[in-house]
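Biologist: Please put the model up, and then I will ask about confidence, the interface and the annotated spans.

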Amino acid sequence: MGQTLSTLAYLVSSVLFILALRGLSHPETSRRGNMFGMVGMGIAILATMFSKGMGFGGIALVIAGLAIGGTIGTIVAQRIQMTALPQLVAAFHSLVGMAAVFVAAGAFYAPMSFGIGTHEHIHAQSLIEMSLGVAIGAITFSGSVIAFAKLAGKMSGAPITFAGQHWLNLALGILLVILIIAFVATGSGVLFWLIALLSFALGFLLIIPIGGADMPVVVSMLNSYSGWAAAGIGFTIGNLLLIITGALVGASGAILSYIMCKGMNRSIINVLLGGFGSEGGAAAGGGGDADRPPVKAGSPEDAAYMMKNAQKIIVVPGYGMAVAQAQQVLREMADLLKKEGVEIKYAIHPVAGRMPGHMNVLLAEANVPYDEVFELEEINPEFADADVAFVIGANDVTNPAAKTDKSSAIYGMPILDVERAKTVFFIKRGMASGYAGVENELFFRPNTMMLFGDAKKVTQEIVQALQR
Amino acid sequence: MNATELANQAQATALRALDLAEAARRAAEYAAPVAAAAEPFLYLLTIFLLACFVGYHVVWNVTPALHSPLMGVTNAISSVIVVGAILAAGTADTTIARIFGFLAVTLAAVNIFGGFMVTRRMLAMFKKKGS
């Protein structure tokens, strides 16, 4: 395939990728969008396979790689549980990072294939781009591996901090810059691998101080990095498709990180410096417990009776619901209530779940129609005319202290205004604090009734009471 | 000024001009790769920045309910890095580069198939009321 033709094919792929993202503006168009993405990728792969200089052996090698990787990817994607989606995405990001490192290594050991020089002399500019690609790719790899381990519970989600951590990272960062300069000056293979090794270490060190609950931001950020890594490789080998796609992915991840940070009212710097949620934060709630009114506890039967007679119920699901695997039985409860003529809506906080939009997928999996699920800004004005707010597995995102108590650790965080509902049912195992270590003022409100127990068990008991 | 002097001066001027031409040639030779490298770089940079803007606008239009599928799709398309991997695996003149290319093709393929498949699974679950 000639140069012009393959460039045209890459252009078509770029447009198809943009359309794939465009399709995600609505669930109805999203499936077609995903199809556009697949076609775009197919065109890109075929155009490259039939480009100049590809021998029969080369094509066979590529097909073997595609077959092995494709089989693994397909099996994993079919078997993965939707609750495990965040760690799957983290694992996938690590693969993109590693692939970027390998492609850069391939370019380094075969510069003529990419038109960036000869074995003796690679253009300085290509060396700069190559080292950036390697560094970002390697950081994405090791950072994603840590994110994966934390999300999958293979290592503690608690932040790992030590004295002088940020200084160490800064020193390593400076060392990395020095190595890159030396690499560009000499083109030495040893320096190439030193850059890779140092970046692996840096990716690891950057993510360990970040707590498990901040992983939504980390996963989005690594998503962004994987895009920048692809763009970096695109600059190295002068490929427009890689540059355009890398920019799209990089922008997407950056926007998601921003949305997640805003959902927690924290700056990205604050998240990245880490350590959040490591202190007990017992004093953060302020005020003594002595002057607190007692907590009202109710039974599932009480809740069933009151909800049956309600007109409008807003369900507020949180990650605790997913942990308890309560989404199916929650939807059964909603179905029974709908038969009684109750209007049901679901309210999703931006940081509910362990990755952006995770809760929407979990509800969709439990057959909750997407037009019953609403975002924070849409649903907040509606709590005032709701009879019941049913909080299941969420905590900090419902704490009214975020609006009033300036001393609170979560002050300023956008929250769901559940306290405006006539009655709030709050399912919870015990009186423990949420991840921010802040006591929830909501528990002590006169219109709140606590339903103590496991989210799935309590909801099942409500369902049984409704069926009676 | 007689004819001989004039001829000598002319010769000297001609030699200086030759020197200058030679210097210019050397400068041009030195500058050519720099210029040749800078121009495509600026071109690529332009495309890159424009693509960032396109990405910014398209992604803000994505409904928050579909942010997880968005991550699935972006993860799959960022594996377009497979293009570089295929070139390394298929056209490299050293064995080591071919091995790296092959490994990169395999890793990227896991992502491409896995990313698109898992996104398809997610999107298939989003249903409207009553359907």
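Modeller: Residues are numbered from 1 along each chain as its sequence is written, chains are lettered from A and ligands numbered from 1 in the order in which they are written, and side-chain values use heavy atoms, with hydrogens and water left out.

Biologist: Over which residues of chain A is the pLDDT below 50?

Modeller: pLDDT is the predictor's confidence in each residue, from 0 to 100. Chain A averages 89, and 95% of the residues score at least 70. One stretch falls below 50, with nine contacts (heavy atoms within 4.5 Å) beyond near neighbours in sequence: residues 278-290 of chain A. Where pLDDT is low, the predicted coordinates should not be read in detail.

Biologist: How many salt bridges does the rule find across the interface of chain A and chain B?

Modeller: The interface joins 108 residues of chain A to 81 residues of chain B. The two chains bury about 8,300 Å² (accessible area, 1.4 Å probe, lost on being put together, summed over both), and 79% of that is on carbon and sulfur atoms. For a salt bridge, a side-chain nitrogen of Lys or Arg must lie within 4 Å of a carboxyl oxygen of Asp or Glu. Between chain A and chain B the count is zero.

Biologist: The UniProt annotation "transmembrane region" covers residues 96-119 of chain B; how far apart are the end C-alpha atoms of that span?

Modeller: That annotation comes from an unreviewed entry and also covers residues 41-60 and 72-90 of chain B; such annotations may be inferred rather than shown by experiment. Residues 72-90 of chain B are 84% helix and 0% strand, with end C-alpha atoms 28 Å apart. Residues 96-119 of chain B are 100% helix and 0% strand, and their end C-alpha atoms are separated by 34 Å.

Definitions and conventions
This is a predicted model: local features need pLDDT of at least 70, side-chain atom pairs count only at pLDDT 80 or more; totals for chains, interfaces and linings use all residues. Helices (H or I, at least four residues) and strands (E, at least two) are DSSP runs, numbered from the N terminus.
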